[in-house]
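Please keep the sequence and the structure in view while reading.

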Amino acid sequence: MDAVRLILASRWALAQGGDGAELLAEVWQAQALAQAIGSRLAVSGPPELRGEALGLTELAGRGCGVLDAPDLAPESLRAAQLTDLDDARQALLCLGGLLGEVGIALVGLASTAPDQTTYWQCMEAIDAADESRDRVLEMLRKLAAREEALPER
């Protein structure tokens, strides 16, 4: 499935809310998807993006690692459904939005966390989502610079 469609599905699922466990499962899904997109761009994306894409893969992996992995059926894992990443710019724009929404959802969850473990998981996941979003924004900047330089050649 196309990256943009998967990101939009993640944004919709995150917006549906639910209890803390459901929200953390959606955050985990979003980070896993960011990791898959970063990995795809690191291997086959524009050369200018490969270093930042590798960084995104690592940061999003950290975002997954600080959360308990949800009990999902293999067909429910959105990251595993990623088959196409035709428009890197559009995918990165959408992914940046998703990661911003992840951070907002985590702030809300952390403010009502029932225990210290959940609170600190949220804090670590917020940090990972924020850093991942920074990488996405840097890749968008590099794409814009690349597009700007192309007509000059």
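G45 is buried, with a relative accessible area of 8%; buried means under 20% relative accessible area, exposed over 50% and partly exposed in between, with a 1.4 Å probe and protein chains only. This residue lies in the loop between α2 and α3. Helices are DSSP runs of H or I with at least four residues, strands are runs of E with at least two, and both are numbered from the N terminus.

The model is predicted: local features need pLDDT of at least 70, and side-chain atom pairs count only at pLDDT 80 or more, while totals for chains, interfaces and linings use all residues. Residues are numbered from 1 along each chain as its sequence is written, and side-chain values use heavy atoms, with hydrogens and water left out.

Two further residues sit in helices. S132 is found in α5 and counts as buried at 0% relative accessibility. Leaving aside neighbours within four places in sequence, S132 is in contact with Q31, L56, L59, A60 and L99. L109 belongs to α4 and is buried, with a relative accessible area of 10%. With the neighbours within four places in sequence again left aside, L109 is in contact with G20, L23, L24 and C122. L109 and E131 are 22 residues apart in sequence and 19 Å apart in space, C-alpha to C-alpha.

How are two packed helices described? The angle between their axes and the distance between the axes are used. Axes are lines fitted to C-alpha atoms, for helices over the stretch in contact, and angles run from 0 to 180 degrees between N-to-C directions.

| Helix pair | Axis distance | Angle |
|---|---|---|
| α1 and α2 | within 9 Å | roughly 165° |
| α3 and α5 | 9 Å | about 165° |

The angle makes α1 roughly antiparallel to α2; angles over 145 degrees count as roughly antiparallel, under 35 as roughly parallel, 65 to 115 as roughly perpendicular and the rest as oblique. The crossing of α1 and α2 is left-handed, meaning that the near helix is turned anticlockwise from the far one by less than a right angle; clockwise would be right-handed. In this contact, A3, L6, I7, S10, A13 and L14 of α1 meet L23, E26, V27, L33 and I37 of α2.

α3 and α5 are also roughly antiparallel to each other, and their crossing is left-handed. Residues of α3 in this contact include G51, L56, L59 and A60, and those of α5 include E124, A128, S132 and M139.

The largest nonpolar core has 44 residues, of which I37 and L95 touch the most other members. A nonpolar core is a set of buried Ala, Val, Leu, Ile, Met, Phe, Trp, Tyr and Cys residues joined through side-chain atoms within 4.5 Å. α1 (3-15), α2 (20-44), α3 (50-65), α4 (88-111) and α5 (116-149) each supply at least two residues of this core, and α4 gives the most, with 12 residues. Not counting residues up to four places away in sequence, I37 touches A3, I7, L82, L85 and L95.

Definitions and conventions
Contact = heavy atoms within 4.5 Å.
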